[in-house]
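Here is a briefing on helix packing and strand pairing. Have the sequence and the structure open while reading.

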Amino acid sequence: MSVTADTYRGGLDAVDRLINRGGDADDLLRAVVEMLHDRFPRYSWVGIYFVEDGELALGPWKGPQATEHVRIPVGQGVCGAAAASGQTEVVDDVNADPRYLACFASTRSEIVVPVTYEGRVVAEIDVDSDQPAAFGSEDRRFLERVATLISPYCLVGWDTGGEAWDP
């Protein structure tokens with residue numbers, strides 16, 4: 001199934017609907033993760049990591065199996081690099097990037113989008129694909145918009161006494 005502009009617009013509309021229906025942050029973020037995974041077939045694993053005490057702590061995720069990387073120091077791996085810089089990281093071939101922390105043998109590419117709130121990284125969206133070079137500029141723009149929409153709901157680090165990362 002090819003991804004069209006309508007698919008991305010539909011994804012943003014779905015996030016808007018999830019936000020507007022109300023509920024707690026945990027339920028919202030789980031629903032967003034599920035929607036991203038289910039609506040975009042090449043998104044084989046989707047998760048949200050929260051910044052807590054200088055580390056990324058795995059929150060809601062959906063994929064064929066859990067990752068062993070439930071805590072990642074900011075600055076380590078592709079996820080940690082995105083949190084440290086505050087910039088989206090796109091890796092077309094994870095096997096060619098020495099920063100990649102191997103999770104699944106099937107993963108071929110990855111995109112990591114920081115979630116910022118008031119200029120500070122509070123979380124990030126991590127998406128793996130079993131296809132090489134699966135993430136284009138449309139995915140980047142789409143996921144960066146999703147990150148903006150969910151940012152107020154990702155303040156777990158602040159709410160639990162952790163700290164956001166100021167790149």
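**Briefing: helices and strands**

Helix α3 is followed by glycine 86, whose phi is positive, near 75°. The model is predicted.

**Helix α3**
- Helix α3 covers residues 77-85, and seven of its nine residues are buried, so the rest of the structure largely encloses it.
- The buried set is Gly77, Val78, Cys79, Gly80, Ala81, Ala82 and Ala83.
- These buried residues pack against strands β1, β2, β3, β4 (89-91), β5 (109-117) and β6 (120-129).

- Strands β1 (residues 45-52) and β2 (residues 55-62) run antiparallel and are joined by six bridges.
- Glutamate 52 has glutamate 55 of β2 as its bridge partner.
- Two residues lie between the strands in the hairpin of β1 and β2. Aspartate 53 in this hairpin takes a positive phi near 50°.
- β2 also pairs with β3 (residues 71-73), again antiparallel, over three bridges.
- Glutamate 55 stands opposite proline 73 in β3. Glutamate 55 is also the bridge partner of glutamate 52.

**Helix α1: length and burial**
- Helix α1 holds 16 residues, 5-20. At 1.5 Å a residue it should span 22 Å, and its end C-alpha atoms are 23 Å apart, which agrees.
- Its buried residues are Thr7, Tyr8, Gly10, Gly11, Ala14, Val15, Leu18 and Ile19.
- In an α-helix there are 3.6 residues a turn, so residues three or four places apart point the same way.
- Just after α1, glycine 22 takes a positive phi of about 80°.

**Helix α1 against helix α4**
- A packed helix pair is described by the angle between the axes and the distance between them.
- How do the axes of α1 and α4 cross? They come within 10 Å and cross at roughly 10°.
- That makes α1 roughly parallel to α4, because angles under 35 degrees count as roughly parallel.
- From α1, the contact uses Tyr8, Gly11, Leu12, Val15, Asp16 and Ile19. From α4, it uses Glu138, Asp139, Phe142, Arg145, Val146, Leu149 and Ile150.
- By class, this contact of α1 with α4 has eight nonpolar, one polar and four charged residues.

How values were computed: Residues are numbered from 1 along each chain as its sequence is written. This is a predicted model: local features need pLDDT of at least 70, side-chain atom pairs count only at pLDDT 80 or more; totals for chains, interfaces and linings use all residues. Side-chain values use heavy atoms; hydrogens and water are left out. Helices (H or I, at least four residues) and strands (E, at least two) are DSSP runs, numbered from the N terminus. The expected span of a helix is 1.5 Å times one less than its number of residues. Buried means under 20% relative accessible area, exposed over 50%, partly exposed in between (1.4 Å probe, protein chains only). Axes are lines fitted to C-alpha atoms, for helices over the stretch in contact, and angles run from 0 to 180 degrees between N-to-C directions. Angles under 35 degrees count as roughly parallel, over 145 as roughly antiparallel, 65 to 115 as roughly perpendicular and the rest as oblique. Contact means heavy atoms within 4.5 Å. Ala, Val, Leu, Ile, Met, Phe, Trp, Tyr, Cys and Pro count as nonpolar, Asp, Glu, Lys and Arg as charged, and the others, Gly among them, as polar. Two strands pair if DSSP finds at least two bridges between them.
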